[in-house]
Amino acid sequence: MIDKAILDVMACLRCKSSLTDEGEHLKCSECNIGYPIKEDIPHMLEESIFSLDG
Ligand SMILES: [Zn+2]
């Protein structure tokens, strides 16, 4: 779980939309992509982005 205050200041690298905490990853519903969360640290890197199809 990511701190709400931290989540509020983070934005998608691609579209700058706000992200939602999905537990295992942060989600951008605009791009339909996820950013992995490892040891409570979201990996906000272009190379870490994965697609969330379906
Ligand atoms: Zn996005």
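Residues are numbered from 1 along each chain as its sequence is written.

The confidence of the prediction comes first. The average pLDDT of the protein (pLDDT being the predictor's confidence in each residue, from 0 to 100) is 94, and 98% of the residues score at least 70. Confidence is lowest in helix H1, residues 4–9, with a mean of 91, and highest in strand E5, residues 50–51, with 98.

One helix and five strands make up the secondary structure, where helices (H or I, at least four residues) and strands (E, at least two) are DSSP runs numbered from the N terminus. Read from the N terminus on, the order of the elements is α-β-β-β-β-β. The C-alpha atoms fill a box of roughly 25 × 20 × 20 Å along the principal axes. The radius of gyration, taken over C-alpha atoms and compared with a globule rule of 2.2 Å times the number of residues to the power 0.38, is 10 Å, which agrees with the value near 10 Å for a compact globule of 54 residues.

The strands can now be followed in pairs, two strands being counted as paired if DSSP finds at least two bridges between them. Strand E1 (residues 20–21) runs antiparallel to E2 and is joined to it by two bridges, and within this pairing aspartate 21 has leucine 26 in E2 as its bridge partner. The two strands form a hairpin with three residues between them, and glycine 23 in the turn has a positive phi of about 90 degrees.

E2 in turn pairs with E3 in the antiparallel sense over four bridges; cysteine 28 has isoleucine 33 in E3 as its bridge partner, and lysine 27 stands opposite glycine 34 in E3. Four residues lie between the strands of this hairpin, and asparagine 32, in the loop between strand E2 (25–28) and strand E3 (33–38), has a positive phi of about 60 degrees although it is not a glycine. Asparagine 32 counts as exposed because it has 11 C-beta neighbours inside 10 Å, the classes being buried for 20 or more other C-beta atoms within 10 Å of a residue's own, exposed for 12 or fewer, and partly exposed in between, with C-beta atoms placed from the backbone.

E3 also pairs with E4 in the antiparallel sense over two bridges, and here lysine 38 stands opposite isoleucine 41 in E4. In this hairpin, which has two residues between the strands, glutamate 39 takes a positive phi near 55 degrees. Aspartate 40, found in the loop between E3 and strand E4 (41–42), likewise has a positive phi, of about 65 degrees, although it is not a glycine, and aspartate 40 is exposed, with 9 other C-beta atoms within 10 Å.

Leucine 19 has its place in the loop between H1 and E1, and counts as buried because it has 22 C-beta neighbours inside 10 Å. Its C-alpha atom is separated by 7.9 Å from that of aspartate 8, eleven residues apart along the chain. With contacts defined by C-beta atoms, placed from the backbone, within 7 Å, and with residues up to four places away in sequence not counted, leucine 19 touches residues including Leu7, Met10, Leu26, Cys28 and Tyr35. On the same terms, cysteine 28 touches Cys12, Cys15, Ser17, Leu19 and Ile33.

Notes. Predicted model: local features only at pLDDT ≥ 70, side-chain atom pairs only at ≥ 80, totals over all residues. Contact = placed C-beta atoms within 7 Å.
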